[in-house]
Amino acid sequence: MVTAPVLEAKQVTMAFDAGTAREVVAFRDVSFSLKQGEILAIVGPSGCGKSTLFNVIAGLLRPTSGSVSVEGALVDGARGHIGYMLQKDLLLPWRSVLHNVTLGLEVRGSRPDEARERALSLIRRYGLGGFESARPRALSGGMRQRVAFMRTLALDPKAILLDEPFSALDFQTRLILQGDVKRIIREQRKAAILVTHDIGEAIAMSDRVLVLSQRPGTVKAIHDIELCGDTDPGALRRSPAFNAYFDTIWRQLDGHAQAAA
Amino acid sequence: MPSGCVADMGAAPAAVEPSAQPRRPSGLRRILVYQTLLVTALFGLWELLVRTNTLPVYLYGQPSGILAKAHLLLTEGDLLTHVGATAFASVVGFLLGTTLGSAVGLLMWLSKTAALVLRPVIVAINGVPKIALAPLIVVWVGVGLGAKVAIAASLTFIVALISVYQGTQEVDDDLVKLMRSLGAKPLTIWTKVIVPGATPWILSTMRLNIGFAMIGAVVGEYISSKMGLGYLIYNAGALYDLNTVFVGIFCLMALALVLDAVLGRIEARFKW
């Protein structure tokens, strides 16, 4: 099946104070493309410009050169094509689960009954049924992140950016949520980018892992991840293929960490 | 790997929490008993000191005398009218001041410029003891109910404005960013995030402000009124009728407790 890329980055370079003596290059010539239902993980040593790259992909920062486009349209300034899932769930504590999920739809001016219907179908489909009227305070960290993810999905974005969304969760919850989010992104045919520190998470969740080098960040390697369809997070992590990927990526990151130390 | 790592983990066993928590009803009752004992002891000591002539009654009053006076004022005087007058002025002043102050405090979030321009003005007004404004208020709105309400309102207005504006600034900035990323305009962010987010500050301001409103009302009654507990206290004081002064003071305390309890109920309803 041949599909056009949903999210595409072409030779994206970001430099602060470009052209002056103080010029700092955050990253250089980063390119990738994503189709529907694909997940790309970006890993790199700290200080490699991951969060700057995130902001550029989100359209919050304009790159010095190169372009990021969603379905052929440049992202800069254009809102609504991209949804986010961040480390903080940012739920409104005074709103119920249902009304947190409808928040984006309300802002966009959707009809209340349509917003409600869409939110309810997402909530029930993805494991939050029965909690529609619960307040965030009453939910566990994992459930709160689920609600945040539903809020993002409710707006039906073409692409989703995941910025360490599981890093505040306990290990078991994290594994379960990783599996669920991966499945849902596939089902909903979204293109997703996962920025993470966690190599295991990158391998388990994505179709490709992009390794950034130490600043100025360049694409050091892109690994196509092929694990034999194992969906159990525990079994997945014990498989030889998983460990081989882990080892390779670990070495690629580690070399730079040592060079920096 | 640091060598102390493993040893540290083994050396710190989780302490077992004692599970014997006091049951709530009996705990509350115990507190109530202590409170009653404390008050009784204080009044008993007071009565004793006066009866043994350690304290002169004309300077300190006397609990039994206060009770008798309260009874007299209730049956033959117009104590309840005084209580009602003070309560009415306090509540109206409180509502006016807190509502307007909260509204201005919330609205100031919408304009950073306005907030910066108004800042020194607000600080200056806040620094002035509002009681110093009382003569002005009497000149402007006349004596009686109007002056009492105006003083109570001016006191509560500024407190509400400052703390509610502070509340809008304490709302998590990331929530505001989230709303922007969803495409929300400032007014939408204000109605959906800032106002509900600042609500706890509005509620805690209310608890504070009911006290300020009572101060305002009583000061108003001291200055220019023929009604209310402030008037009763001031008049009786001038006549060295200290038992009546204490009747007035205890009525104010009771009124404060009742109003605070009502607000406590309201506050509890808005908890998320």
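Of the 261 residues of chain A, 41% count as buried. The model is predicted. Chain A contains nine helices and 10 strands. Its C-alpha trace spans about 55 × 45 × 40 Å along the principal axes. The radius of gyration of chain A is 19 Å. A compact globule of 261 residues would have a value near 18 Å, so the two agree.

Within chain A, four strands form an open sheet. The strand order is 2-1-4-5, and the pairing is antiparallel. Strand 2 (24-34) and strand 5 (73-74) of chain A are the edge strands. Each of these two pairs on one side only. Strand 1 of chain A covers residues 7-16. Strand 1 pairs with strand 2 of chain A through seven bridges, in the antiparallel sense.

Chain B has another make-up: 12 helices and zero strands. From the N terminus on, its elements run α-α-α-α-α-α-α-α-α-α-α-α. The radius of gyration of chain B is 26 Å. The globule rule gives 19 Å for 272 residues; chain B is well over this value and is therefore more spread out than a compact globule. Along the principal axes, the C-alpha atoms of chain B fill a box of roughly 80 × 60 × 30 Å. Buried residues make up 32% of the 272 residues in chain B. Of the contacts in chain B with a separation of 6 or more, 76% are between residues 24 or more positions apart.

The two chains touch. At the interface, 14 residues of chain A are in contact with 12 residues of chain B. Helix 3 of chain A (residues 103-108) supplies four residues, the largest share of the side of chain A that touches chain B. By residue class, that side of chain A divides into seven nonpolar, two polar and five charged residues.

Definitions and conventions: Residues are numbered from 1 along each chain as its sequence is written. Chains are lettered from A and ligands numbered from 1 in the order in which they are written. This is a predicted model: local features need pLDDT of at least 70, side-chain atom pairs count only at pLDDT 80 or more; totals for chains, interfaces and linings use all residues. The radius of gyration is taken over C-alpha atoms; the globule rule is 2.2 Å times the number of residues to the power 0.38. A residue is buried if 20 or more other C-beta atoms lie within 10 Å of its own, exposed if 12 or fewer, and partly exposed in between; C-beta atoms are placed from the backbone. Two residues are in contact if their C-beta atoms, placed from the backbone, lie within 7 Å. Ala, Val, Leu, Ile, Met, Phe, Trp, Tyr, Cys and Pro count as nonpolar, Asp, Glu, Lys and Arg as charged, and the others, Gly among them, as polar. Two strands pair if DSSP finds at least two bridges between them.
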